[in-house]
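My notes are below the structure.

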Amino acid sequence: MTESGASARERIVAGAADMISRRGLNATSIRETAKHARAPLGSTYHYFPEGKQQLVTEAVRYTGEWTTRSLRKELQAGPVAGLLAFLALWRKIVVDSDFRAGCPVLAVSIEEPAAGQTSAALAAAADVFAAWEGLLADSLREHGVEPERAAQLATLIVAAVEGTVAMCRAKRSTEPLDRTAEQLRTLIRAAVEG
């Protein structure tokens, strides 16, 4: 793939992730995604010959990889720093979008695929959540938390952050993020010090 081809393809994938984060899975069409990404409709079908499910699956993976890179980097400073960076990332997304965007991974997870479509995107979403949980659990274990407790706390963190992002959108406020951050920080510190 040429450099311009790679960037056009990446723009389409990023555009799909953005559209899904704002409109949800079923309200995001290939035509609207191409328009949003400023790409010719034919290019979208060229890069994604399997159609919407292929594009959505790649958009979920793109979001997962982007977030994973950030989380991995921030967790080097420890689980509390990683948590705060994870929350800051989602705060920026909801605030910068005027509370119109959330997490495309969650959006794909809560909507049933259209009739006749495969669940590749749902499987990708499960993989992304597992990756985030794994990074958090690894960091907690590295800081002395017993493995099962680390896994449970990591799941709680991902679930709480995802739910908090949805609440922020509904309430048009970052207050749910602030409250969740304080409680999760307390839980992590207690686990690490315990």
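**Conventions.** I am working from a predicted model, where local features need pLDDT of at least 70, side-chain atom pairs count only at pLDDT 80 or more, and totals for chains, interfaces and linings use all residues. Residues are numbered from 1 along each chain as its sequence is written, and side-chain values use heavy atoms, with hydrogens and water left out.

**Rings.** I searched the whole structure for aromatic pairs and got three. A pair here means rings of Phe, Tyr or Trp (its six-membered ring) with centres within 6.5 Å; planes under 30 degrees apart are stacked, over 60 edge-to-face, and the rest tilted. Phe86 and Trp132 pair edge-to-face, at 5.6 Å centre to centre with 75 degrees between the planes. This pair links distant parts of the chain, with Phe86 in helix α5 (residues 79–96) and Trp132 in helix α7 (residues 120–142), 46 residues apart. I take helices as DSSP runs (H or I, at least four residues) and strands likewise (E, at least two), numbered from the N terminus.

Phe129 also pairs edge-to-face with Trp132, at 5.9 Å and 75 degrees. Phe129 and Trp132 both sit in α7, three residues apart, about one turn of the helix. Are these two buried or exposed? Phe129 counts as buried because its relative accessibility is 18%, and Trp132 does so at 0%. The cut-offs are under 20% relative accessible area for buried, over 50% for exposed, and partly exposed in between (1.4 Å probe, protein chains only). Ring pairs join Phe86, Trp90, Phe129 and Trp132 into a cluster.

**Helix packing.** I then looked at α5 against helix α9 (residues 175–193): the angle is about 165 degrees and the axes are 9 Å apart. Axes are lines fitted to C-alpha atoms over the stretch in contact, and angles run from 0 to 180 degrees between N-to-C directions. The two helices are therefore roughly antiparallel (angles over 145; under 35 is roughly parallel, 65 to 115 roughly perpendicular, the rest oblique). Contact residues (heavy atoms within 4.5 Å) include Leu83, Leu87 and Trp90 of α5, and Ala181, Leu184 and Ile188 of α9.

**Loop residue.** Thr174 is in the loop between α8 (147–171) and α9. Thr174 is buried, at 17% relative accessible area. Leaving out residues up to four places away in sequence, Thr174 touches Arg91, Val95, Phe99 and Cys168. Thr174 and Val94 are 80 residues apart in sequence but 8.2 Å apart in space, C-alpha to C-alpha.

**Record.** UniProt lists residues 29–48 as "DNA-binding region" in an unreviewed entry; its positions are given in the numbering used here, feature names are shortened, and annotations may be inferred rather than shown by experiment. Over residues 29–48 I find 70% helix and 0% strand, with the end C-alpha atoms 13 Å apart.
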